[in-house]
Structure formats: structure tokens, C-alpha cells
Amino acid sequence: MIEAAITPQTSAILATHVFGNPCAAQEIAAVAAKHKLRVIYDAAHAFGTSYQGRSVLHQGDISTLSFHSTKLFHTVEGGALITHDADLANKIAHMRNFGFHGPEAFQGVGINGKNSEFHAAMGLCNLKYIRQILARRQQLSEAYHDMLKPLRIGKPFLHPNAGFNYAYYPVLFESEAVLLKMVKALHGVYVYPRRYFYPSLETLSYVKPGQQMTISSDIASRVLCLPLYHDLSMEEVKMICRAILRAERY
Ligand SMILES: Cc1ncc(COP(=O)(O)O)c(C=O)c1O
């Protein structure tokens with residue numbers, strides 16, 4: 001599918017580790033090598049995910065991380081770029097600081113893309129707890145998994161060589177009508193789940209995809225992220241699952 005989209009204008013492949021689940025990075029690397037393309041990973045969700053025994057952030061030419069407060073590791077706002085290429089890292093370091101190269105010189109065009117000291121301090125506070133955070137999310141996800149077994153829902157296919165970070169708990173309902181029924185049932189018990197990646201991008205008036213995005217459009221209409229955060233209690237998970245299972249019967 002990626003190969004079919006490559007044209008003479010293509011310079012890079014941009015792929016997203018959606019919901020923290022790693023892409024088929026080995027296959028993408030092979031396509032990139034064949035066509036002499038760079039690979040950029042949107043790893044906004046992938047902090048703590050591993051692939052083939054090491055951090056998934058080793059993959060590609062650049063990985064971009066989000067440290068927004070909704071992420072499992074966060075600095076309130078901010079993010080990071082990861083690359084093995086020292087020259088690229090140097091160029092990016094200049095670009096994020098107005099292009100400054102010393103007090104009176106510029107290396108090139110840049111933006112104000114720095115993380116502040118306050119944000120870094122928040123990150124350091126959170127980093128101490130990352131193992132507990134990952135373990136708790138796994139526990140909560142497994143509880144959802146067990147309790148929702150009777151339901152006909154789809155789950156992301158996890159790469160067999162991946163260590164998942166349990167960043168999200170997405171479920172794929174049979175149809176948008178079923179999803180809307182579940183959302184209504186959850187609102188009834190004051191639970192507000194997120195339709196993440198909805199609406200599908202090609203439906204936005206200012207995006208011109210140039211082609212039908214049937215898979216994205218279908219998944220976007222049926223996928224729902226259930227609440228998943230460190231302080232969520234098992235009682236709350238049970239209550240959420242009961243509301244979903246009750247709605248399934250009607
Ligand atoms: C897949 C993905 N990429 C990028 C971003 C943007 O991250 P940020 O808000 O830190 O710029 C998000 C935000 O949630 C995201 O979900």
C-alpha cells in the first residue's frame with residue numbers, strides 16, 4: 001500500500017505508531033531503502049513501546065514524541081525528536097531555537113520550539129513514576145480485556161515483536177450506530193469516552209487527499225477509546241464495562 005502511493009515527488013514516508021502500537025517498521029524500512037526515502041515516525045503515542053527488543057524510537061530517521069498532558073509520560077506541553085543522525089540532530093536543535101548559532105549569528109530559519117525549564121521540571125517529576133504508570137495501565141487494560149470478552153468488538157492487532165505501552169484502550173465496534181449507542185450509555189453514567197481520530201481527516205474541508213480513504217473513514221467511524229488513566233480505579237473499570245455490556249443487550 002505504501003509503495004502504491006510513492007511518486008517521483010515523494011521524499012519520505014511518514015507513519016504513525018497509532019495508539020502506541022508499533023508500525024511494521026521492518027517492512028517500512030525495506031520499502032524506504034528500495035526507493036531511497038527517509039522515514040519519519042509519528043511516535044506521539046509510543047513512549048515506552050518496544051519493538052524487536054528495544055525502544056521503538058530507534059526506528060526510522062526521526063521519531064517525534066508528544067509530551068502533552070494527555071500522554072502517559074508528559075511535561076504538560078512539549079515533545080521531542082529522536083534521531084541517530086548527529087548532523088540532523090544539530091540542525092533540528094538550531095531550528096527549534098530561532099535558528100540561532102551564538103548570540104549574533106543564525107544558522108538558518110527556525111521557530112520558537114523549545115521546551116521550557118518548567119516543562120522539563122514537570123517531566124522529571126513524572127519520569128520517576130514511569131514504571132508504575134506503565135504497570136498500572138497494563139493492569140487496567142487487562143481488566144477491560146477480561147470484562148469485555150463477551151462483547152463483539154475489535155482490538156488493535158499487536159505486533160508479535162512489540163512491547164506495548166498501553167497508552168490507550170481503543171475498541172472497534174461493529175458499526176457507528178453501535179458506537180453511538182455505547183457512547184450514549186456511558187454518558188448516562190457520567191463517563192465521557194473519546195472518539196480518537198474522528199472524524200477521518202479526508203472529510204475535513206481543508207484537506208485534499210486526492211483519493212478515497214475508505215479504511216481510515218470506516219475505522220474512524222467505529223473506534224472509541226475507553227477511559228484509561230493512572231488513577232482510574234478497578235471499580236470504575238467495572239462500572240464502565242457494566243454500562244457497555246448492559247447497552248449491548250438493548
Ligand atoms: C498521533 C499524534 N501525533 C501528533 C500529535 C500532536 O502532539 P502535540 O499535541 O504534542 O503536538 C497527537 C496529539 O495527540 C497525536 O495523537
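**View 1. Val 109 in its loop.** Val 109 belongs to the loop that connects α3 (86-95) and α4 (117-127); helices (H or I, at least four residues) and strands (E, at least two) are DSSP runs, numbered from the N terminus. The structure is a predicted model, in which local features need pLDDT of at least 70 and side-chain atom pairs count only at pLDDT 80 or more, while totals for chains, interfaces and linings use all residues. Residues are numbered from 1 along each chain as its sequence is written. Val 109 is exposed, since 9 other C-beta atoms lie within 10 Å. A residue is termed buried if 20 or more other C-beta atoms, placed from the backbone, lie within 10 Å of its own, exposed if 12 or fewer, and partly exposed in between. His 94 is 15 residues from Val 109 in sequence, with a C-alpha to C-alpha distance of 8.5 Å.

**View 2. Ile 40 in strand β2.** Ile 40 is part of strand β2 and is partly exposed, with 18 other C-beta atoms within 10 Å. When residues up to four places away in sequence are not counted, Ile 40 touches Ala 12, Leu 14, Gly 60, Asp 61 and Ile 62; contact requires that the C-beta atoms of two residues, placed from the backbone, lie within 7 Å. Thr 64 is 24 residues from Ile 40 in sequence and 7.8 Å from it in space, C-alpha to C-alpha.

**View 3. The three-stranded sheet.** Three strands form an open sheet in the order β4-β3-β7, with antiparallel pairing; two strands pair if DSSP finds at least two bridges between them. β4 (54-55) and β7 (162-163) are the edge strands, each with a single partner, so one side of each has no neighbour in the sheet. Strand β3 (residues 50-51) is joined to β4 by two bridges in the antiparallel sense, and Tyr 51 stands opposite Arg 54 in β4.

**View 4. The ligand shell.** Thr 16, Asp 42, Ala 44, His 45, Ser 66, His 68 and Gly 79 surround the ligand, a residue being near a molecule if its C-beta atom, placed from the backbone, lies within 6 Å of it. This shell comprises one nonpolar, five polar and one charged residue. Ala, Val, Leu, Ile, Met, Phe, Trp, Tyr, Cys and Pro count as nonpolar, Asp, Glu, Lys and Arg as charged, and the others, Gly among them, as polar.

**View 5. The largest nonpolar core.** The largest nonpolar core has 43 residues, and those with the most contacts inside it are Ala 43, Tyr 144, Phe 173, Met 182, Leu 224 and Leu 226. Such a core is a set of buried Ala, Val, Leu, Ile, Met, Phe, Trp, Tyr and Cys residues joined through C-beta atoms within 7 Å. Helix α5 gives the most to this core, with four residues. Domain 1 (2-127) and domain 2 (130-249) both contribute residues, so the core lies between them. Apart from its neighbours within four places in sequence, Leu 224 is in contact with Val 171, Phe 173, Leu 179, Met 182, Val 183, Pro 193 and Arg 195.

**View 6. The contact between the domains.** Domain 1 and domain 2, whose bounds come from an automatic or database domain assignment, have C-alpha centres 25 Å apart. In domain 1, 16 residues are in contact with 15 residues of domain 2. On the side of domain 1 that touches domain 2, nine residues are nonpolar, seven are polar and none is charged.
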